[in-house]
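Could you walk me through this structure?

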Amino acid sequence: MSSIETPDIVVIGGGNAALCAAITAAEAGARVLILEAAPKPYRGGNSRHTRNFRCMHHGPLGPLVDSYTEDEYLADLLKVTGGKTHEGLARLAIRTSEDCLPWMEAHGVRFQPSLSGTLSLARTNAFFLGGGKGLVNAYYRTAEKLGVQVAYEAAVTHLELTDDRIDFIDYTQDGQTHRVAPKSVVVASGGFQADTDWLARAWGPAAKNFLIRGTPYNRGVVLADLLDQGVEQVGDPTQCHAVAIDGRAPKFDGGIVTRLDCVPFSIVVNKDAQRFYDEGEDVWPKRYAIWGRLVAAQPDQVGYVIIDAKSLNLFMPSVFPPIKADTLEELARKMDLPAEALVQTVAEFNAACGDTSTFHPTELDGVATTGLTPPKTNWARPITEPPFYGYSLRTGVTFTYLGLKVDERAQCAIGNRPVSNLWAAGETMAGSILGQGYLAGFGMTIGTVFGRIAGKEAAAHANAI
Amino acid sequence: MQMQSDLLQEARRQAEICNACRYCEGYCSVFPALHAERAFSDGDLTQLANLCHNCRGCYYACQYTAPHEFELNLPQALANVRQESWEDLAFPQVAGRAFQKNGVAIAVVAVIGFAVLFWTAKSLGSEGGEGFYAVLSHNAMVAIFLPAFLFPLVSIAISLRRYLKRVDAEPLKPAHLVKALKQAAQMRNLKGGHGDGCNFEDEDRFTHARRMAHQAVMYGFLLCFTSTSVATVMHYVLDLPAPYGLFSLPKLLGLSGGLLLVLGCVELIRLKLRSDRALGAQGAFGAEIAFVGLLGFVGLSGLLLYALGQTAAMPLLLAVHLGAVLAFFLLTPFTKMAHGFYRLTALVVDAQR
């Protein structure tokens with residue numbers, strides 16, 4: 001590496017927030033070094049797997065139709081977080097999001113109309129052409145043109161905090177240890193969800209069976225190092241955002257394609273072939289996060305979705321074909337479920353189904369079971385038509401809530417005073433805004449808004465020295 | 001046939017992953033067509049493969065490329081299916097299999113083309129014509145080139161009928177053809193959806209280089225072809241035989257077309273040499289280069305013939321040029337040249353959706 005001997009700013013992390021910070025700082029004249037833990041093909045952290053950005057707008061903007069006001073945006077956010085939201089920072093993110101979209105376009109990001117199957121987001125979320133990796137590629141091109149240096153497979157091991165200042169950063173690359181002492185530091189290296197030991201300490205041993213939907217490189221090393229030294233933390237350390245995904249997904253990095261949308265048209269049983277929750281409580285986008293927790297609470301943290309032939313084409317195809325059988329007994333055998341119990345569970349469910357003539361797959365149709373515990377309150381059609389299909393379900397972790405507490409300038413704190421040269425952006429500080437739950441596309445909004453703020457502040461600090 | 005079913009199976013595996021993701025929907029015509037299906041028949045995959053222009057936008061944007069265990073490489077998977085479909089649908093099939101992946105065979109045919117023209121010119125000689133016809137009479141040229149022109153047309157017509165049957169196309173309507181021609185005229189599928197171009201010569205950087213080079217070749221070729229057609233009309237209908245002056249229609253069309261063709265081919269080869277071969281059809285790289293080389297040589301030898309037409313080198317250059325043209329025509333259905341016909345047909349079928 002033909003390195004900058006003494007960069008003004010080191011940005012730790014290589015995803016959306018890191019790149020927004022690096023680009024903004026470089027445009028302000030700072031010499032910037034990005035330390036990305038992943039190798040180049042995996043650069044970009046969880047941003048690689050994202051697809052859109054939730055954006056306030058007055059009137060049509062880029063790919064977005066109509067308008068989406070600050071108050072409506074905030075109301076959507078408060079709904080999913082159950083009020084556990086830092087309103088000041090949330091409003092800052094929301095308000096600034098409108099400026100972000102043209103900024104993103106000016107820095108190489110390209111948008112596309114809402115994807116097929118996601119029309120409900122056409123007003124609120126701007127989709128990246130090619131998805132998050134396309135965005136990340138564009139930002140790396142822009143950053144490199146601005147002279148930003150990027151070190152891949154550069155794993156930060158320690159930030160030396162003295163009083164209220166980061167003195168230096170240690171990192172390893174190609175088996176060599178390096179020390180760098182920049183004027184400003186931006187941490188944008190995500191949460192800790194890929195460290196399954198940490199996850200198990202926080203959540204309990206069941207977490208060992210969770211799948212990690214995103215990058216294997218978000219191991220929380222920098223986060224832990226800073227928290228250990230007393231940097232202010234925020235967010236419930238035991239909680240993570242988790243959804244129910246295809247149980248055959250890889251341990252890490254399965255991303256969007258492992259999503260399974262068939263639960264509302266199914267019954268879901270545990271490994272004893274017993275149902276455990278109302279599969280038809282609400283439309284799937286409003287329920288998939290709940291099912292991550294429900295499955296996590298079942299034995300071995302696994303669930304089994306059972307549908308029949310008439311439901312097969314009602315949901316988006318997923319990456320793995322379903323397990324298929326002509327009888328329920330055969331399906332049970334193929335899925336390692338107790339056959340007799342499954343047959344009985346299905347029979348009880350079928351007997352509890354009533355009139356299905358008003359079945360409607362995309363609306364709450366009220367086609368419900370009677371006298372069944374737990375009930376199925378919508379889309380309850382008997383499972384009778386072979387062939388029968390099954391999917392396994394596991395808990396897929398998206399991100400963790402524990403993070404660095406920042407102020408409206410994205411600056412970190414120790415005790416009651418700011419760390420004079422440390423800023424944070426993206427998932428690693430998202431807990432400062434989101435206490436629980438998640439709103440589609442809001443992670444990229446936080447990353448972009450606070451990445452740009454952090455880059456600006458870090459550059460102003462470096463330029464003033 | 002075993003190999004083909006493996007290639008189809010791999011394309012199917014990848015298409016199913018793409019269909020569960022859909023992030024690339026805006027890049028080109030392939031993805032909206034792909035996302036409209038739930039399962040992929042061999043015909044569906046053949047159609048998707050021929051719609052794909054190998055712009056590579058989806059590859060560089062994909063979060064599932066190797067080293068990810070899903071190992072997505074849709075540009076190559078579709079290129080393989082596409083290449084196989086051209087071999088398989090060729091008439092006669094044996095010729096498709098002989099040339100589509102064999103640059104040496106293409107070169108051999110070109111040399112045979114030269115030899116035939118030398119021999120013909122030498123043994124028949126002139127019947128006292130002017131200019132080029134002093135080397136080889138007009139009638140002899142027609143006797144050689146009329147069948148060499150008609151044969152590829154018949155062959156390609158048969159292949160396209162087979163293609164339409166394989167992809168289960170609806171009856172063709174003029175509106176569909178118009179839409180397809182518009183797309184081809186602008187090479188919309190190499191624009192990348194956002195209009196920034198495609199990813200070809202420098203990883204994920206978007207440029208218009210390949211689109212421009214391709215259009216130079218395409219329009220250059222069409223100008224040359226028009227030049228010949230105009231000359232034919234002038235000869236037979238207007239009784240104005242060659243040679244023609246610089247400011248005649250055949251010359252103006254031929255010269256501008258020849259220049260575009262040569263420059264476009266040089267640039268296409270340069271880009272191809274810089275591209276990542278692992279994103280194109282397996283084993284077809286050499287034949288593609290040979291084909292573009294032959295096409296460029298047709299243009300170059302034509303220009304040289306014009307420039308040195310008044311010198312002693314003319315008879316030799318005429319034989320070389322006509323030999324290259326002969327080889328090019330005869331090989332059209334069995335080389336990369338066929339892609340234009342399949343691509344246009346795929347766009348027509350896509351317009352039916």
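Residues are numbered from 1 along each chain as its sequence is written, with chains lettered from A and ligands numbered from 1 in the order in which they are written. Keep in mind that this is a predicted model: local features need pLDDT of at least 70, side-chain atom pairs count only at pLDDT 80 or more, and totals for chains, interfaces and linings use all residues.

Let's start in chain A, where 3 strands make an open, antiparallel sheet in the order β3-β5-β4. Strands here are DSSP runs of E, at least two residues, and helices are runs of H or I, at least four, numbered from the N terminus; two strands pair if DSSP finds at least two bridges between them. At the edges sit β3 (52-54) and β4 (111-112) of chain A, each pairing on one side only. Between β3(A) and β5(A) (residues 125-128) there are 3 bridges, and Arg54(A) stands opposite Asn125(A).

Now hop to chain B, where helix α8 (residues 138-166) packs against helix α13 (residues 314-331) at about 25 degrees, their axes 8 Å apart. That angle is why α8(B) counts as roughly parallel to α13(B) (under 35 degrees). On the α8(B) side, the contact includes Phe149(B) and Pro152(B), and on the α13(B) side it includes Leu326(B) and Phe329(B).

Finally, look at Ala425(A): among the residues it touches are Ala21(A), Val186(A) and Phe450(A), leaving out those up to four places away in sequence (contact means C-beta atoms, placed from the backbone, within 7 Å).

Key: Axes fitted to C-alpha atoms, helices over the stretch in contact; angles between N-to-C directions. Parallel < 35°, antiparallel > 145°, perpendicular 65-115°, else oblique. Contact = placed C-beta atoms within 7 Å.
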